Amino acid sequence: PLAAQPQGDTTDLGAPRDARAETQRTSSGPARAPTPQAVPTLAAEVEALDRAQAEIEADPEATLRRLDEYESGYRDGSLGPEAQVLRIEALARAGKIEQARALGHAFLAHHPASPHAQRVRSILAAPASAGE
């Protein structure tokens, strides 16, 4: 006769917790379903960038400070490229043209096909006095 292969705990096959535990034990990759916390985190990221964006015309230095806060709080955030583009614009508006250009060129080198690439090119092409 064939030897039975162990199938895990079969005493309660319908228990969701046991099924999750079995899936976690046998899962070979890091792929996991999004956690419920992912949605609030994304919403918080959007809110943080919206606050930074709101100040860019009146006070680009405040925008830069808010972006520093964003980057320290969301190191692996979903909106990193958006934050970089906002930083490039804030630097340009604050008169920090060389920093804006350096960051802009680095952004374009890493993300040449980004939906934000044209905006970055426009910021880099603007006259140096545009933010003053």
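These legends walk through several close-up views of a predicted model.

Figure 1. Start with the big picture before zooming in. The protein chain has six helices and zero strands, and its pattern along the sequence reads α-α-α-α-α-α. How much of the chain is buried? Of the 132 residues, 25% count as buried. As for contacts between residues at least 6 apart in sequence, 49% of them join residues at least 24 apart.

**Figure 2. Helix α4, from end to end.** Here we zoom in on residues 80-93, which make up helix α4. This helix has 14 residues, and the stretch from its first C-alpha to its last reaches 20 Å. That is close to the 20 Å expected at 1.5 Å a residue. Which residues of α4 are buried? The list runs Ala-83, Val-85, Leu-86, Arg-87, Ile-88, Glu-89, Ala-90, Leu-91 and Ala-92. Once the helix is over, look for Gly-95, which follows α4 and has a positive phi near 85°.

Figure 3. Where do the partners sit relative to each other? They are four residues apart in helix α4, so about one helical turn separates them. Arg-93 is partly exposed, at 28% relative accessibility. Glu-89 is buried, because its relative accessible area is 12% and the cut-off for buried is under 20%. Also worth a look is a network in which salt bridges with shared partners join Asp-68, Glu-71 and Arg-87.

**Figure 4. Where α4 packs against α6.** Two packed helices are described by the angle between their axes and the distance between the axes. For α4 and helix α6 (residues 117-125), the angle is about 10° and the axes are 10 Å apart. So α4 is roughly parallel to α6, since angles under 35 degrees count that way. Which residues meet here? From α4 come Val-85, Leu-86, Ile-88, Glu-89 and Ala-92, and from α6 come Arg-119, Val-120 and Ile-123. Sort the residues of this contact by type and you get six nonpolar, no polar and two charged.

**Figure 5. Glu-61 and Lys-96 reach across the sequence.** Next up is another salt bridge, with the side chains of Glu-61 and Lys-96 meeting at 3.2 Å, N to O. How many residues apart are the partners? They are 35 residues apart, and the pair links distant parts of the chain. Glu-61 belongs to helix α3, and Lys-96 to the loop between α4 and α5 (97-110). Glu-61 is partly exposed, with a relative accessible area of 31%. Lys-96 is partly exposed too, with 30%.

**Figure 6. Glu-45 and its surroundings.** Now move to helix α2, where you will find Glu-45. Is this residue buried or exposed? Glu-45 counts as buried, at 2% relative accessibility. Setting aside neighbours within four places in sequence, Glu-45 is in contact with Tyr-70, Tyr-74, Gly-77, Ser-78 and Leu-79. Take Tyr-74 as one of those partners. Glu-45 and Tyr-74 are 29 residues apart along the chain, yet 7.5 Å separates their C-alpha atoms.

**Figure 7. Arg-121 and its contacts.** What does Arg-121 touch? Not counting residues up to four places away in sequence, Arg-121 touches Leu-108 and Pro-112. Leu-108 is 13 residues from Arg-121 along the chain, and their C-alpha atoms are separated by 8.2 Å.

Technical notes. Residues numbered from 1 in each chain as written. Predicted model: local features only at pLDDT ≥ 70, side-chain atom pairs only at ≥ 80, totals over all residues. Heavy atoms only, no water. Helix = DSSP H or I, 4+ residues; strand = E, 2+ residues; numbered from the N terminus. Expected span 1.5 Å × (residues − 1). Buried < 20%, exposed > 50% of the residue type's maximum accessible area, 1.4 Å probe, protein only. Salt bridge = Lys/Arg side-chain N within 4 Å of Asp/Glu carboxyl O. Axes fitted to C-alpha atoms, helices over the stretch in contact; angles between N-to-C directions. Parallel < 35°, antiparallel > 145°, perpendicular 65-115°, else oblique. Contact = heavy atoms within 4.5 Å. Nonpolar A, V, L, I, M, F, W, Y, C, P; charged D, E, K, R; others polar.
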